[in-house]
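Reader: I am new to protein models and would like to learn how to read one. Could you walk me through a few features?

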Amino acid sequence: MTLLNDLQKKILIGDGAMGTLLYSHGVDRCFEELNLSKPDEILNVHKAYIAAGADVIQTNTYGANYIKLSRYGLEDEVRAINRTAVQIAKKAAAGNNTYVLGTIGGIRAFKKNAYSLEDIKRNFREQLYLMLSEEVSGLLLETYYDLEEIKTVLEIARKETNIPIITNISLHEIGVLQDGTPLQEGLSQLEALGADVVGLNCRLGPYHMLSSLEEIPLPERAFLSVYPNSSLPTLEEGRLVYGSGEKYFAESALAFRNQGARLIGGCCGTTPIHIEAMAAALKGLPPVTEKKVKIRKKEISVTSAAERKYPPLPEIVNKKRSLIVELDPPKKLGLDKFIKGAKALQAAGIDALTLADNSLASPRISNVAVGSIVQQTLGLRSLIHITCRDRNLIGLQSHLMGLHTLGLTDVLAITGDPSKIGDFPGATSVYDLSSFDLISLIKQFNDGLSYSGKPLGEKTNFSVAAAFNPNVKYLDKAVKRLEKKIACGADYFISQPIYSEKQLIDVYEETKHLTVPIYIGIMPLTSSRNAEFIHNEIPGITLSDSIRERMARAGDNREKAYQEGLAISKRLIDAAFDLFNGIYLITPFLNYELTVELTNYIHKKQIEVNERKITHV
Ligand SMILES: Cc1cc2nc3c(=O)[nH]c(=O)nc-3n(C[C@H](O)[C@H](O)[C@H](O)COP(=O)(O)OP(=O)(O)OC[C@H]3O[C@@H](n4cnc5c(N)ncnc54)[C@H](O)[C@@H]3O)c2cc1C
Ligand SMILES: [Zn+2]
């Protein structure tokens, strides 16, 4: 008998969780290492599942790849752990008519960019060859959130072997994969690449899996599998705990059968008790060969985008001079000085006030709160910086929905300064998304879809700026990043401050081919110490000897230093004037008088200079 022949005729019962079962027994370390140090414990788990009625068990190798084992310093044990795992499972299966699947788990989860496909392929091949050399009865590719990842590894496996391959993906939510692909489409793609059994495992319990299966027809050729978690997990005294009882699982097993599932097991939180209940419920029942697909009412997606209060900045800067000014929310409570500055800049005639998101990784009053006040009470456009450092994928999406709700449609998507340099060096830097991902996410919101492709009910109308750091060793590499950001959907760029006329020209030359405009950064120096700090401690920024000397000559005379700082900025503005329409002034330390003066200077100059046609925008 072979696994596929059996599945032609009957429903097979899979096993349940390994990892969470061990965890519930108090194991709090690498589960796969136990194949070597406590083989009997693993053997007993397999035996318990077989005794409960599992026809198919899986090796304890879910995370037994180089990447995951290296988190425990076990990267040299990949071979031993996988080989031993198969041997243990086979020992348990011997004499029981039980199939042994070699499990290879997904790596990426939802962090698509965390591992390259090359890394994934290398990891997979190593585990695959070990499974094949130990002669498993089939392969179980499970807990793949990323469709690209599972398709990549499935292609490798299909070329290497004729043994049955089961591909189980983990849903993002009912009927939808993480990248927004509908379940049916995802499963069809896996079938087309040669999977023999396609289905679902982990992340969700029976309710969500059942609702998902109800909406899809039976696969054309492949069999359908389902390995639900026992429930959604909860935290109890710091430990993740899963609930739901065996009666619920028995009923769910019958419902899964009605949806056409032929290989039915359990994932996280399930135990031999759950498997026993499912096996008993399904005993003697043939698989169904036909089913009625439930048509879910499509959520109405809004086709038109939300109204914008202000025209997008790139539209303005493509046509004429445009000026935006950064004034950062204070690090202490109280907004009096800030509001005074915002009013003064508004009176001077800027196009937008930009508000940093905890710049230099130190807490400030929320830029959303402050930006909303500025925009709603003063009527001055606020441009909100958004870092990937402070919010996870949940927080970022909630943040974007909040910005949309407040009518704050101008945003700058950035990585964020590393928390190491701020007031709380030990604070976690989240980085669920890179700046590229964040740009793409915001553009996806503009299509009315969340990260997972779920309709948001409205389309947002964000205009997305991205950061440009020209103060790097190789400008061409920085420009390559800009091209990539444009490909992700960046509408324009805002640059770090530039301190030399030559650099302005270099930047112009290197970026003139870009299809989106740049606001070029200019930040007035405030003192000699400030100049020395920027020159010596900010990576990539070099001030010329003459600028440093000019600032040094001003000595401790604050007023004189301000005047020098202004004069230097004015020369830079002169140099930038013909090259870039967009100018981005950065207000140092809430000293808005400086940026107000520079704003006036720019407007005066603009009136004096006949508006020349600028070819590079
Ligand atoms: C206009 C502007 C506003 C900013 N506002 C804020 C703010 O509000 N809050 C805040 O915390 N930070 C802010 N920053 C700082 C910004 O988050 C950091 O400079 C960050 O490191 C770069 O952001 P990014 O989005 O351009 O990163 P990315 O382009 O995604 O780069 C991420 C990392 O890759 C590396 N990298 C990038 N380019 C190169 C290159 N050419 N060569 C080698 N390595 C490279 C760097 O290590 C960089 O940190 C701002 C920066 C700019 C330009
Ligand atoms: Zn699981």
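This is a predicted model: local features need pLDDT of at least 70, side-chain atom pairs count only at pLDDT 80 or more; totals for chains, interfaces and linings use all residues.

Reader: Which residues coordinate the zinc ion (ligand 2)?

Author: Start with the idea of a donor: an N, O or S atom within 2.8 Å of the metal (3.2 Å for Na, K and Ca); water is not among the atoms, so sites may look incomplete. Here the SG atoms of Cys-202, Cys-267 and Cys-268 coordinate the zinc ion (ligand 2), at 2.2 to 2.4 Å. Along the chain, these donors follow the spacing C-x64-C-C. Cys-202 is in the loop between strand 6 (197–201) and helix 10 (206–214), and Cys-267 is in the loop between strand 10 (261–264) and helix 12 (272–282), so the pair ties together parts 65 residues apart in sequence. The helices (H or I, at least four residues) and strands (E, at least two) are DSSP runs, numbered from the N terminus.

Reader: Is Cys-202 buried or exposed?

Author: We go by relative accessible area: buried is under 20%, exposed is over 50%, and partly exposed is in between (1.4 Å probe, protein chains only). Cys-202 is buried, at 10%, and Cys-267 is buried too, at 9%.

Reader: How many salt bridges are found in the whole structure?

Author: A salt bridge is a side-chain nitrogen of Lys or Arg within 4 Å of a carboxyl oxygen of Asp or Glu. The search finds 26 of them. One of them joins Lys-480 and Glu-483, at 3.7 Å from N to O. These two are 3 residues apart in helix 18 (residues 475–488), about one helical turn. Lys-480 is exposed, at 55%, while Glu-483 is partly exposed, at 29%.

Reader: Where does the salt bridge between Lys-605 and Asp-574 lie?

Author: Their closest N and O atoms are 3.1 Å apart. Lys-605 belongs to helix 23 (residues 592–608) and Asp-574 to helix 22 (residues 558–577), so the pair ties together parts 31 residues apart in sequence. Lys-605 is buried, at 17%, and Asp-574 is partly exposed, at 23%. Salt bridges can also form a network, as with Arg-108, Asp-146 and Glu-148.

Reader: How many aromatic pairs does the structure hold?

Author: Rings of Phe, Tyr and Trp (its six-membered ring) pair if their centres lie within 6.5 Å; planes under 30 degrees apart count as stacked, over 60 as edge-to-face and the rest as tilted. The structure holds 2 such pairs.

Reader: Which ring does the charged end of Arg-239 sit over?

Author: A charge sits over a ring if NZ of Lys or CZ of Arg is within 6 Å of the ring centre and within 35 degrees of the ring normal. For Arg-239, the ring is that of Tyr-23, with the charged end 4.1 Å from its centre.

Methods: Residues are numbered from 1 along each chain as its sequence is written. Chains are lettered from A and ligands numbered from 1 in the order in which they are written. Side-chain values use heavy atoms; hydrogens and water are left out.
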